[in-house]
Amino acid sequence: MSTAMNFGSKSFQPRPPDKGSFPLDHFGECKSFKEKFMKCLRDNRFENALCRSESKDYLECRMERQLMAQEPLEKLGFGDLLDGKPGRN
């Protein structure tokens, strides 16, 4: 084996996830939002159109905690649920 295992020579530089990539919520920061969304899906026979509010809340939680890239909610298809709130950048 010609490659040496020298862990001290390079440091890992984290980078934000690619668009469409969702890191795991290791600390369960958005678990309650996810559970509400999943319960809504189960209660509505997995008809996701009936759970858009829960989906929006879950994605907002993920964006606030940097578990996904910030996107305007209008761009994610939630413009009709904003109640006059300005979109996030």
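Let me begin with the largest nonpolar core, which has 6 residues: Leu59, Met63, Met68, Leu73, Phe78 and Leu82. A nonpolar core here is a set of buried Ala, Val, Leu, Ile, Met, Phe, Trp, Tyr and Cys residues joined through side-chain atoms within 4.5 Å; buried means under 20% relative accessible area, with a 1.4 Å probe and protein chains only. In soluble globular proteins, nonpolar side chains tend to be buried together.

This is a predicted model, in which local features need pLDDT of at least 70 and side-chain atom pairs count only at pLDDT 80 or more, while totals for chains, interfaces and linings use all residues. Residues are numbered from 1 along each chain as its sequence is written, and side-chain values use heavy atoms, leaving out hydrogens and water.

Apart from neighbours within four places in sequence, Leu82 is in contact (heavy atoms within 4.5 Å) with Leu73 and Glu74.

I turn to the helices. The chain has 2 helices and 0 strands, taken as DSSP runs: H or I of at least four residues for helices, E of at least two for strands, numbered from the N terminus. Helix H1, residues 31-43, packs against helix H2, residues 52-64, at an angle of about 160°, with the axes 9 Å apart. Axes are lines fitted to C-alpha atoms over the stretch in contact, and angles run from 0 to 180 degrees between N-to-C directions. H1 and H2 are therefore roughly antiparallel, the term for angles over 145 degrees. Phe33, Lys34, Lys36, Phe37 and Cys40 of H1 meet Glu54, Ser55, Asp57, Tyr58 and Cys61 of H2 in this contact.

Finally, of the chain's 89 residues, 21% count as buried.

Note on methods. Buried < 20%, exposed > 50% of the residue type's maximum accessible area, 1.4 Å probe, protein only. Parallel < 35°, antiparallel > 145°, perpendicular 65-115°, else oblique.
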